[in-house]
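Biologist: I am new to this structure and would like to know what stands behind the words used for it. Please show it to me and start with the terms.

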Amino acid sequence: MSITTFEELKKEAQSQNKTIWELTQEEEALNSDISVEEVRAEVLKHIVTMRETIETGITSNEKSVSGWCGDDCEKLIKRYSAQKSVFGSLYEKILTYSLATSEENLRMGRIVACPTAGSCGIIPGVLVAYSEEYDLSDDEQINFLITAGKIGSIISNKVQLAGAVAGCQAECGVAAAMCAGGLAQTMAGDINTIFNAVALALKNILGLTCDPVCGMVEVPCIKRNPLLSMHAVSATELALAGIESKIPVDEVIDAMRQTGQLMSPMLKESAQAGLATTPTALSLKEKLF
Ligand code: SF4
């Protein structure tokens, strides 16, 4: 069974009357010559790493080598200890955990690339925060992550998940789409709802450039993670209400690939345009080097 499109995934899921995570864990077990239980144990290890990263991240304010970033999570925690956020505790946790994970990445700490290091905060931020607030079992969390993983895997069949190839739409954009689908699965969405969550997240981020200052995964990457975490949750909310993406998810991915191909190389991780060449960015570069 080799599934390369969402349409094929849907057909297979419906014909076998299985969920995405059921199909995926069986496929993975077969491909890796291990049991389904071993696949799930491996996925749980990643979730444990995500939790540990967040724990470390929220207690550290160590700056990156550049000295630009590393203490923003501390600021967020201080704010929430003094004043409630607009949207309540789940929102606070998602932003905090996502930022904590991204800051651990810049410190060269331990992270789970999902799908990339630059976009490492989106899925853990939502998964761990939602699991704590709604008391999800390990099994439910594993199902979330397997579903998200399958979504990323299908997208990567058509688009290489790298800012240097297709811009940040292929890193943080795909992470948001994976996260939206995983969350929709957890919130009892059927396969159409999951696909709509993925499509809504992805199509509303098309064209996102990769223009990091000095070519380092710090500005704008770190703060992009908490912001796109909420983008993912919003896409899931719309899909759960029955709001559909008029463009089917497979076609959205085709559009993303085309957009990436048309994007100037100057906006694909080369630090030759966009935020990377603003006067402030150039001044930061001069001081750093
Ligand atoms: S801006 Fe570029 S380097 Fe930063 S997270 Fe996005 S794709 Fe990665």
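Modeller: A residue is called buried if 20 or more other C-beta atoms lie within 10 Å of its own, exposed if 12 or fewer do, and partly exposed in between, with C-beta atoms placed from the backbone. This is a predicted model, in which local features need pLDDT of at least 70, side-chain atom pairs count only at pLDDT 80 or more, and totals for chains, interfaces and linings use all residues. Residues are numbered from 1 along each chain as its sequence is written.

Biologist: Why is Asp 135 called exposed?

Modeller: Asp 135 has 7 other C-beta atoms within 10 Å, so it counts as exposed. Asp 135 is in the loop between H6 and H7. Helices (H or I, at least four residues) and strands (E, at least two) are DSSP runs, numbered from the N terminus.

Biologist: What is the phi of Asp 135?

Modeller: The phi of Asp 135 is positive, near 55°, in a residue other than glycine. Asp 33 also is not a glycine and has a positive phi of about 55°. Asp 33 sits in the loop between helix H2 (20–32) and H3. With 7 other C-beta atoms within 10 Å, Asp 33 is exposed.

Biologist: Why does Gln 14 count as exposed?

Modeller: Gln 14 has 10 C-beta neighbours inside 10 Å, so it counts as exposed. Gln 14 belongs to helix H1 (residues 6–16).

Biologist: How many helices and strands does the chain have?

Modeller: The chain has 13 helices and 0 strands.

Biologist: What makes the chain as compact as a globular protein of its length?

Modeller: The radius of gyration of the chain is 19 Å, close to the 19 Å that the globule rule gives for 289 residues, so the chain is as compact as a globular protein of that length. The radius is taken over C-alpha atoms, and the rule is 2.2 Å times the number of residues to the power 0.38. Along the principal axes, the C-alpha atoms fill a box of roughly 60 × 45 × 40 Å. Buried residues make up 48% of the 289 residues.

Biologist: How do you know that the span of helix H6 agrees with its number of residues?

Modeller: The expected span of a helix is 1.5 Å times one less than its number of residues. For the 13 residues of H6 (residues 122–134) that gives 18 Å, and the end C-alpha atoms are 18 Å apart, so the two agree.

Biologist: What makes H6 mostly covered?

Modeller: In H6, 10 of its 13 residues are buried, among them Ile 122, Ile 123, Val 126 and Tyr 130. The elements that cover these buried residues include helix H3 (36–59), helix H5 (89–106), helix H7 (138–158), helix H9 (172–186) and helix H11 (221–240). Buried residues of H3 include Val 39, Arg 40 and Ile 58. H2, helix H4 (72–82), H5, H6 and H7 are among the elements covering the buried residues of H3.

Biologist: What is called a nonpolar core?

Modeller: A nonpolar core is a set of buried Ala, Val, Leu, Ile, Met, Phe, Trp, Tyr and Cys residues joined through C-beta atoms within 7 Å. The largest one has 72 residues, and Val 126, Ala 176 and Cys 179 are among those that touch the most other members. H9 gives the most to this core, with 10 residues. A second, separate core of 10 residues includes Leu 106, Val 219, Ile 222 and Ala 276.

Biologist: Which residues does Cys 179 touch?

Modeller: Leaving out residues up to four places away in sequence, Cys 179 touches Ile 122, Ile 123, Val 126, Ala 148, Ser 229 and Ala 232. Two residues are in contact if their C-beta atoms, placed from the backbone, lie within 7 Å.

Biologist: Which residues are around the ligand?

Modeller: They include Gly 118, Cys 168, Glu 171, Cys 221 and Glu 269. Such a residue has its C-beta atom, placed from the backbone, within 6 Å of the molecule. By class, the shell has 6 nonpolar, 3 polar and 2 charged residues. Ala, Val, Leu, Ile, Met, Phe, Trp, Tyr, Cys and Pro count as nonpolar, Asp, Glu, Lys and Arg as charged, and the others, Gly among them, as polar.
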